[in-house]
Every structure is written in structure tokens, then in C-alpha cells.
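Have a look at the structure first, then go through the points below.

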Amino acid sequence: MIIIMKPDAREPEIQEVISELHDNDLKEVRMDGAERVVLAVLGDDRVLVRAKINSLSGVDRVMEVLEPYKLASREHKPEGSRIKLNGFSIGGEEIIVMAGPCSVESEEQLDRIAGEVKAAGAKILRGGAFKWRTSPHEFQGLGLDGLRIIKRVKEKHGLLSATEVLDPRQVEAVAQYSDILQIGTVSMQNYPLLKEAGKSKMPVILKRGKWATYKEYLLAAEYIMAEGNENVILCERGIRTFVNETRHTMDINAIPYLKEKTHLPIVADPSHATGKRSLVAAVAKASIAAGADGILIETHYDPTQAATDADQTISTENFATLMSDLRKIAAAVGRTL
Ligand code: PEP
Ligand code: MN
């Protein structure tokens, strides 16, 4: 159940509703919107007498949300959410591009890539300091040193940063160095990590598990939101299918489907979805055409030498060309870039 307060509801009126919930052993998530306060009721709300809630003076209306992902659902928030970042937002008219190497390899490497992606129009610098590798013998990332490099480089270039956090115990540290936390595909159902990311109140890019249904995915987002953090950006990054010629399969359906079901913004990651640099541009364009609010791209000035995910990394030169192509697609679907 979602309780929508009147725009002019005063704090004691809000507290009256919250007390009623607590008297019935229910919890709430409070969302202080620009216009009004919305309370999402957590728990078995069948115990509540609807008429009583409706009669409380600050309450505008009560909505039953049928979807299990109550906070993420578009049922209670028909207008799309904009995740506000420093100077711009994700989920509005503007398409936001996040670009950078798969892994931070050195300060010189990230500095050069940051300069080139910024010049091409990217707003967010991506790059992993903690890498989740299939083999323990592979490069695991520069760790804390990598985080320090990210902070110095993004500040130098006037970019924001997004970097992956793998472990709930790292959330606080990563939040000190990066503007956005990224939760990778393998961690989508790491509920302790999702809760910590929720408590941090930081913007979070939550990548879809490569195995996850839409419902499982939105319920993962719900874990972050249930901690009072609405700053969730979804990311379709390809799923496992029977196709083994590409690394994953971009589930293009996910973009319009999720747009229908949730108010959260959605970005697309054609790099991990294809695993092949020759396919990245086409799938990036398709994703914008399908309604994605942003794109996440792995790029490097010397892509074949990238420490991780070299096969899907495009050159910074091709990235700049792709950006001008994406501008045309964005304009064709009524967006800017
Ligand atoms: C990444 O962005 O480098 C990454 C590891 O992505 P994913 O979790 O989607 O595999
Ligand atoms: Mn990668």
C-alpha cells in the first residue's frame, strides 16, 4: 500500500499516519518528493483499516500497489524519476553517457582516457578498481589505489565517476571516492550489499543479473529503495542465452518493458552485452532508439592492450565517432545528448 499525503500536509499529520502504521506493527519508507510526501507501507498491510487511514487529515489518497516491487513500481509514481547528480540528472530528456576503461590500470591510463571521453561528450567516467574475475589468478584491480586515482582524475577533468563495489564492507570507502556506486551483474542478488548501498543514499547503478527475470531485477532494486534510497539507475547489460557467438545477448525488450513497469531510469551497456568491439556501436544505437536513458561504454586508447575485457573495448577514437552517431539517434527519438 502507498499512502499519498496532501501537498500541504504538515509534519504532525505525517507523524500521525506513521504512528498508525507502527501501532499495527508495520514499517514505512518515507519519500519526501518535490511536491508531497509519499509513504510506502512495508509488511502485511491487510491489518490496516483503509477507511481509517483515508480519514486522517493529511492523507490525500491510498493506493494499492499490486506489483511486489512497490517502491520501484510506476503504479504509484507515473512520472519517471530523475536521479539528480552534480550538474545534471539521469532519466530526463538528456541521454547520459558513461565511458572509460573496464579497469583502472594506472593514473596515466585513466587520465588520458578521461580527457578523451570528456572531449567526446561523456559526463561520467567509469572504471573498476575492484574487479570481480572468474579466475582468482586474473588481475583483480588496483583496489584502494584505484579509487584514489579515480577521484583525482575525475576531479581534474570535471567528470563524475561510477565504480563497482563488490562487498558490503567496501561501500563506505567507495562512497568516499566515487559519485556513483556500481553493483555488477554477479552481485544483483547480494542482498547485504544492496542494503548497504541503500543505507549509503548514494546514486547506484544496479546492473541486471545475467540470469535474472524482470521481477527479480526490480525486487533487487527494491532492496536498495527499502533503505530509503531512491537513487537507483537500472542497467541492462545482456543476459545468458543459447547464443555462444557473443558474450551475452542484449535483451532489448528489457528497456521498454522496464520503462512501463518502473519509474526508475534505465541505461544500457552494449560492451558487456556483446563482448565484441565490432558490435558495440550498433547495439548502443539500438538501445537509445529503444528508450534507454543512458549508455555505458568500455573504451581505451589502446583497446587490445586493456587489462580486462579487451575484446569488447572500443578505441577512444571510435568512441568519439559513436557519440556523434548517437546524437542523431537521440534527436530522432526526441532526446538530447
Ligand atoms: C563492468 O562494468 O566492468 C562489469 C564487470 O560489468 P558486469 O557486472 O555487467 O559484468
Ligand atoms: Mn568490463
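**Ligand site and a few residues to check**

1. Start with the ligand, and bear in mind that this is a predicted model. An oxygen atom of ligand 1 sits 2.8 Å from a side-chain N or O atom of Lys 207. On its own, ligand 1 would expose 290 Å², and the protein buries 91% of that.

2. Who else is around it? The residues surrounding ligand 1 include Cys 102, Lys 131, Glu 164, Gln 182, Gly 184, Thr 185, Arg 237 and His 272. By class, the shell splits into six charged, four polar and one nonpolar residue. If you run a pocket search, the space that ligand 1 takes up is the second largest pocket.

3. Next, Ile 233, which belongs to strand β12, spanning residues 232-236. Is Ile 233 buried or exposed? Its relative accessible area is 0%, and buried means under 20%, so Ile 233 counts as buried.

4. You'll find Asn 229 in the loop that runs between α7 (214-225) and β12. Asn 229 is buried, with a relative accessible area of 0%. What does its side chain reach at 3.2 Å? That would be the backbone oxygen of Ala 197. A polar atom of the Asn 229 side chain also lies 2.9 Å from the backbone oxygen of Met 202.

5. Now for some backbone angles. Most residues other than glycine have a negative phi. Lys 201 has a positive one, with phi near 65°. Lys 201 is in the loop between α6 (191-200) and β11 (204-207). With a relative accessible area of 43%, Lys 201 falls between the 20% and 50% cut-offs, so this residue is partly exposed.

6. Asp 309 belongs on the list of backbone angles as well. Phi of Asp 309 is near 50°, again positive in a residue that is not glycine. Where does Asp 309 lie? Look in the loop between β14 (294-300) and β15 (314-315).

Terms used:
Residues numbered from 1 in each chain as written. Chains lettered and ligands numbered in written order. Predicted model: local features only at pLDDT ≥ 70, side-chain atom pairs only at ≥ 80, totals over all residues. Heavy atoms only, no water. Near = heavy atom within 4 Å. Polar contact = N/O pair within 3.5 Å; in protein donor to acceptor, adjacent residues only side chain to side chain. Areas by Shrake-Rupley, 256 points an atom, 1.4 Å probe, with all protein chains shown as cover. 1 Å grid on protein atoms, 1.4 Å probe; cavity = no way out; pocket = protein on both sides within 12 Å on 5 of 7 lines; lining within 4 Å. Sits in = over half its atoms within 2 Å of the grid points. Nonpolar A, V, L, I, M, F, W, Y, C, P; charged D, E, K, R; others polar. Helix = DSSP H or I, 4+ residues; strand = E, 2+ residues; numbered from the N terminus. Buried < 20%, exposed > 50% of the residue type's maximum accessible area, 1.4 Å probe, protein only.
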